[in-house]
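User: I would like to go through this structure and ask what stands behind each label. Please set the values against the cut-offs.

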Amino acid sequence: MDIHNTNEELVFSSVQTIFDEIQGSGNPDKFCLCYQCRTDTICYTLNRIEPNYIVSNRGFTRIENLGIKQQQIEADINTLIYKGLRLVNHNMRPTAPHDGTTVASFKISHPMYDIPTISGRIFDGISFEPIVGVEVSLYCDGELVEMRNNNWQNPFTMVPSTPGAFSFWPLPITADSPDTSKEFDFTLRVNSPDFEQLNHFFKMTSTSKFHNPQSYALNRTYKLPDLYLFPPGEAEINEA
């Protein structure tokens, strides 16, 4: 469907302009202006403004004629960008290099097995409360799975802001030829001194293609069943 959020394009453009202006002025406040901080600032701003969707040139023309109202929208966006820039710099992602490099892009010169995002939830098997603070790891054929970029960690530590939820986005795997199907054996492993070790095994089949989507999509997520952790020895007690 040909639907376009004009405010998204405006935020992208405004962030690039503001960051470039700060860099051009010598960056007196010593902000980190790397790719990751730009991306996080864009997300911060987009999450705080209403989208403005159009489906035709008539919609675009109407936006062009908003005049003063459109100027106010742009001013509000710029204010959010500066606020987001300061907050992002105060809480910079520890997994990003922050050295001016960008997230690596993939050159599609070989067919790839494109593995979708893998997500699930883990609960305390006694209280049924969402688990936080435990480490979750994803393995394939006994090896720790490499993630697509630094924004996706493996192992992943369950955090309070998304209690009980985890997600992984594996790096695509090179194939010998296109249009071939391969089954992958995955293991989700959970380790914590407060619970028995959990190993959840599952299989996923992928067909190799000369295609590699660069953006996350909800309709390309493999959802695991809800998993439960139990204190050490609980299984023996239940069997008795």
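User: How many helices and strands does the protein have?

Analyst: The protein has five helices and 13 strands. Helices (H or I, at least four residues) and strands (E, at least two) are DSSP runs, numbered from the N terminus. This is a predicted model, in which local features need pLDDT of at least 70, side-chain atom pairs count only at pLDDT 80 or more, and totals for chains, interfaces and linings use all residues. Residues are numbered from 1 along each chain as its sequence is written, and side-chain values use heavy atoms, with hydrogens and water left out.

User: What is the mean pLDDT of the protein, and where does pLDDT stay under 50?

Analyst: pLDDT is the predictor's confidence in each residue, from 0 to 100. The mean for the protein is 83, and 82% of its residues reach 70 or more. pLDDT stays under 50 over residues 57-61, where the model has two contacts beyond four places in sequence. Contact means heavy atoms within 4.5 Å. The value also stays under 50 over residues 102-106, with eight such contacts. Where pLDDT is low, the predicted coordinates should not be read in detail.

User: What span is expected for helix H1, and what does H1 reach?

Analyst: The expected span of a helix is 1.5 Å times one less than its number of residues. H1 covers residues 6-24, which is 19 residues. H1 reaches 27 Å from its first C-alpha to its last, close to the 27 Å expected.

User: What caps the N-terminal end of H1, and what comes just after the helix?

Analyst: Asn5 caps that end, with a side-chain oxygen 3.2 Å from the backbone nitrogen of Asn7. A polar contact is a pair of N or O atoms within 3.5 Å; within protein, one must be able to donate a hydrogen and the other to accept it, and residues adjacent in sequence count only if both atoms are side-chain atoms. Just after H1, Gly26 takes a positive phi of about 95°.

User: Why is Lys30 called exposed?

Analyst: Buried means under 20% relative accessible area, exposed over 50%, and partly exposed in between (1.4 Å probe, protein chains only). Lys30 is at 68% relative accessibility, so it counts as exposed. Lys30 is in the loop between H1 and helix H2 (35-46), and has a positive phi of about 60° although it is not a glycine.

User: Why is Asp141 called exposed?

Analyst: The relative accessible area of Asp141 is 54%, and therefore Asp141 is exposed. Asp141 is found in the loop between strand S5 (135-140) and S6. Its phi is near 55°, a positive value in a residue other than glycine.

User: Why is Ile173 called partly exposed, and which residues does it touch?

Analyst: Ile173 is partly exposed because its relative accessible area is 29%. Ile173 lies in strand S9 (residues 173-174). Not counting residues up to four places away in sequence, Ile173 touches Pro111, Met112, Tyr113, Ile115 and Phe184. Ile173 and Met112 are 61 residues apart in sequence and 5.4 Å apart in space, C-alpha to C-alpha.

User: How many aromatic pairs are there, and what makes Tyr113 and Phe184 an edge-to-face pair?

Analyst: Rings of Phe, Tyr and Trp (its six-membered ring) pair if their centres lie within 6.5 Å; planes under 30 degrees apart count as stacked, over 60 as edge-to-face and the rest as tilted. By this rule the count comes to eight aromatic pairs. Tyr113 and Phe184 are 5.4 Å apart centre to centre with 75° between the planes, and this pair is edge-to-face. The pair links distant parts of the chain, with Tyr113 in strand S3 (residues 112-113) and Phe184 in strand S10 (residues 181-191), 71 residues apart.

User: Why are Tyr113 and Phe184 called buried?

Analyst: Tyr113 has 8% relative accessibility and so counts as buried. Phe184 has 2%, and therefore counts as buried.

User: What makes Trp152 and Trp169 an edge-to-face pair?

Analyst: The centres of Trp152 and Trp169 are 5.6 Å apart, with 70° between the planes, and the pair is edge-to-face. Trp152 is in the loop between S6 and S7, while Trp169 is in the loop between strand S8 (165-168) and S9, 17 residues apart. Trp152 and Trp169 are buried.

User: How do you know that Arg48 lies over the face of Tyr44?

Analyst: A charge sits over a ring if NZ of Lys or CZ of Arg is within 6 Å of the ring centre and within 35 degrees of the ring normal. Arg48 lies over the face of Tyr44 at 3.7 Å from the ring centre. Arg189 lies over the face of Tyr139, at 4.4 Å from the ring centre.
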